Amino acid sequence: MNISQILFGILTVLALVSALGVVVSKNPVYSVLCLIVTFFAISGHYILLNAQFLAIVNIIVYAGAIMVLFLFVIMLMNLNAEVEPQKSKILKFAGFIAGLCLFLVIVAALKNADEKTQTQATQLAGGDIGLIKNLGRALFNDYVLPFEISSVLFLSAMVGAVVIGKKE
Amino acid sequence: MYSLHAITHSIQDWLSARLSPVWVLMIESIIVIVLAIGLFAVLGLILVWLERKVAAHMQIRLGPNRVGPAGIFQTSADTLKLILKEGLTPDGADKFLFNFAPFVVMIVAMLALAPIAFANGFQIWDINIGVLYVSAISSLSVIGILIAGWASNNKYSLLGAMRSGAQIVSYELSAGLSILTIVVLTGSLQISDIVHAQQNGWWLFKGHIPVVIAFIIFIIAATAETNRAPFDLAEAESELTAGFHTEYSGMKFALFFLAEYINIFIVCAIGATLFLGGWMPFHIGDWAQFNHVMDYIPSSIWFFGKTFFLIFLIMWFRWTFPRLRVDQLLTLEWKYLLPISLFNLLLVTVIAIMNWHF
Amino acid sequence: MNHQQLMALLPFMVLATASIVIILLIAFRQGHTVIQVTGFLMMCLVIFTMWYVRDVLPQTIMPLLIVDGYGALFTGLIIFCVLVVGLFSYIYFEEREENPREYYILIFLSTLGAAILTISRHFISFFIGLELLSVSLYALIAYLRTRNNAVEAGVKYLLLAALTSAFLLFGMALIYMDAGSMDFSAIAQKLHTAEQSSPLFLLGFSLMMIAVGFKLALVPFHLWAADVYQGAPPPVASFIATVSKIGVFAVLLRFAQELHLQNNHSIMTIISVIAMFSMISGNILALRQQNIKRLLAYSSIAHFGYLLVAFLPGNSAGVEAAAFYLIAYAVTILIAFGVIILLSAKDKDAERLSLYRGLFWEKPFVAIVLAVALLSLAGIPLTAGFIGKFYVLMAGVQQQAWLPVIVLVVTSVIGLYYYLRIISTLFADVSVAIQKEKRLHPFFYAASYAALVVLVLLLLGFGVMPAIIIPGIKQFLLIGN
């Protein structure tokens, strides 16, 4: 077991525990904080995959900006555990069963995939595709069109937000 | 000649000759941690003293002058007092988050230290996305502030935290854009590359007026991001008693206080690295004789000199400009600084492509 | 990217430019009419460029897009729908105090998303196109935000669409894990070499079907449809019913064609079950509906159930049937919503069925147009709806998918009941006049009426002489195959 395997283990446990915390915790603020921790753990995974740029962008965008806005809204609305609507027991139970079923199916599928990885694993083209230079090359050569289209996507989101948010 | 670079290398050699690589890594990590915490403590002491002295100078008074010569031990005495004080946790506060927040703020400040080059070859982690890393980490300090404000269960705290959040999230944009101008000129995000690119002159002088504009915007944004006057709405005494740390006392308050000064140091260090060449001595083009003379001054002195100059500038602002209103603050960012820096970035890109810079 | 590829993408670039032009017009404070006319001309320009570049097709723009006859056919249909929706939008929004100018930006951006879907051959373009389509729709649905239902509908759509996008991504990730590529043809190759479909692929496709089913409002992912159709402004509802669904269906069909999904037994089972549930639930839910917008929502659920039957064979006949059905359906639903828009009053849409009582004696033209549209939806002979349904049935029978075919026939009969119920309401003798003063420029009324006439003529023309369009569809589909 080398260092990166140990780190992988720690990060995975951290990600899973904090993701569970998002769902389980009664207080929405704690949920958001747990989500931030999850994003950090996932960024750690990215760094282990040598995708440092992706890791940092993940932190800037999710932990630094989106989650801060989440915190903003939740803190201003002052949601507490008492205000949270109580769902019926049956609904919770049904949700639990459904989630369990999906989990089982996914585990079964992935179990088969594990045998497959011995023979025909999905291989990355190279170990350093996540570095910013290679990423930039890929984005501005092969994927320049989707890159531009995604800027149009942001334009539409922006126009939509302004339309909904503007004063009369 | 002794340099920090040589010292680190000799330690590295000495350790790796005797121990296995894992242990070397461990011991070096411990050395780095000790050094970083030591730097934090010293910086805190110096900067607080400096702030009071600068303030006193601006207001034509003496400032601290009883404890030690020129009052240099005043901060140590204050720290001692803060350590001995009781750390109150208000009733109705969220106990865990209330006690957790100061550490978040502090840890974030520490993380941002990693890629800063203090001297030639003296850098904790020369990550290949250095400046991006710093701006990512500095955007996280707002989370600690928001937690502190919310967990205190106090309306002033919450208001202060909200203001601080809005302020940091918005000013991050123009700070990021002005950092990008230098990235565009250098063609790299790595701190060491950026510093080496300024071997024949600092970017502030090489990059014509657009870089000067970027520098000014960066300083404004840095002041705002560290919640310093005239952007200190998050802790505006006259409106919010003390903003997000109203309820904090004792050592927890000291941590916030320390983190604020560390953050100032970090943004100024980044500003010095990007625009003023970091540890790179003042060089003029290929004038070898002049450059050689400048090289006699150690690189660490260059770095700290530039950083402290910027810190002095930010302290100077505090006693020069009145505090902005919230709407003025946001108007300044979204309606002036952001469009200007976007356009400026475009200009710099043109300069970089056409190779018009020196 | 070479010259020819750029040429092939020209229509899409013009489409993207249209929204920028509208933004600039707004920046220069131009009025609604100018924007409307410009938008109309830009869409005409898109069609013109499509005609202009027809010779360079098919072009594959690696790795994401393929502009072939199939894509051109569906893009053309989408642009046609947007032209009509834009025309109807003018009279609808001109009457309201709300500022409708940003509406056109969002409509064009959303159209771009749908158009990208029709030409995508890669998961990335699939996802980006879908997001572009839905992000604009969030705001469009809630556009008249002072109305109660609008914001509710918008938020409902936003939450569900975001959730299903997550499913889509997860499904794509699983398929990527299995096949090692996100390119449709590469996935097909990988599947082809594997002796049996892996559980990972099945799971991934099922998760993707959740998102696709949501967009097409298939049962059991249909819960948003009625509320959104009711809450959204009628032009937007017609946009969702046509452009959004055509785009998503086109990409689904291309995906299935490339991967030869019809050979995969379990996936076909999933799809036929969804199809049957959609047909049954859609028609039954519509039976007692008193709100015509909700009724159209349920009817669209049923109609996409019918369409999935055409999807089952996976051969060229199935694709032709689906294409013809989509054209017929789009024309019909545009007529229906066009009538609703024409009848809507300033503060309230004409959505209660009671408002339509005796409409024939008040406004015979509009009533007849609506009646024709409803007959086409029901699949009565002499309308395009009948021919479409006939083709779909034929495709299903060829595949010997008896159960879905039987369900199709039975539910069509059930559906007849509620369409005829509305038609009988239209011709009932007690007249409730719909008050509506005309204060707009008569030109736009004339244009709207003219559009309705053209649409009805198309509907009847396709119904009486399907030969005028079937060869065209075949020819288009041949390009690139």
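**Close-up views of a predicted three-chain model**

Figure 1. The contact draws 21 residues from chain A and 29 residues from chain C. On the chain A side, two helices each supply at least two residues: helix H4 (89-120) and helix H6 (144-165). H6(A) gives the most to this side, with 13 residues. By residue class, the side of chain A that touches chain C divides into 15 nonpolar, five polar and one charged.

**Figure 2. How the chains pair up.** Two pairs of chains are in contact, and chains A and C share the most contacts. Chain B and chain C do not touch. Their nearest C-alpha atoms are 16 Å apart. Chain B does contact chain A, through 18 residues of chain B and 16 residues of chain A.

**Figure 3. The side of chain B that touches chain A.** View of the contact between 18 residues of chain B and 16 residues of chain A. Three helices of chain B give two or more residues each to this side. They are helix H5 (130-138), helix H6 (141-151) and helix H7 (155-186). The chain B residues here divide into 14 nonpolar and four polar. No charged residue is found on this side of chain B.

**Figure 4. The fold of chain C.** Chain C contains 19 helices and two strands. Its radius of gyration is 21 Å, close to the 23 Å from the globule rule for 481 residues, so chain C is as compact as a globular protein of that length. The C-alpha trace of chain C spans about 65 × 55 × 45 Å along its principal axes.

**Figure 5. Burial and contacts inside chain C.** Of the 481 residues of chain C, 57% count as buried. Consider the contacts in chain C between residues at least 6 apart in sequence. Of these contacts, 79% join residues at least 24 apart. Chain C also gives 29 residues to its contact with chain A.

Terms used. Residues numbered from 1 in each chain as written. Chains lettered and ligands numbered in written order. Predicted model: local features only at pLDDT ≥ 70, side-chain atom pairs only at ≥ 80, totals over all residues. Contact = placed C-beta atoms within 7 Å. Helix = DSSP H or I, 4+ residues; strand = E, 2+ residues; numbered from the N terminus. Nonpolar A, V, L, I, M, F, W, Y, C, P; charged D, E, K, R; others polar. Rg over C-alpha atoms; globule rule 2.2 N^0.38 Å. Buried ≥ 20, exposed ≤ 12 C-beta atoms within 10 Å, placed from the backbone.
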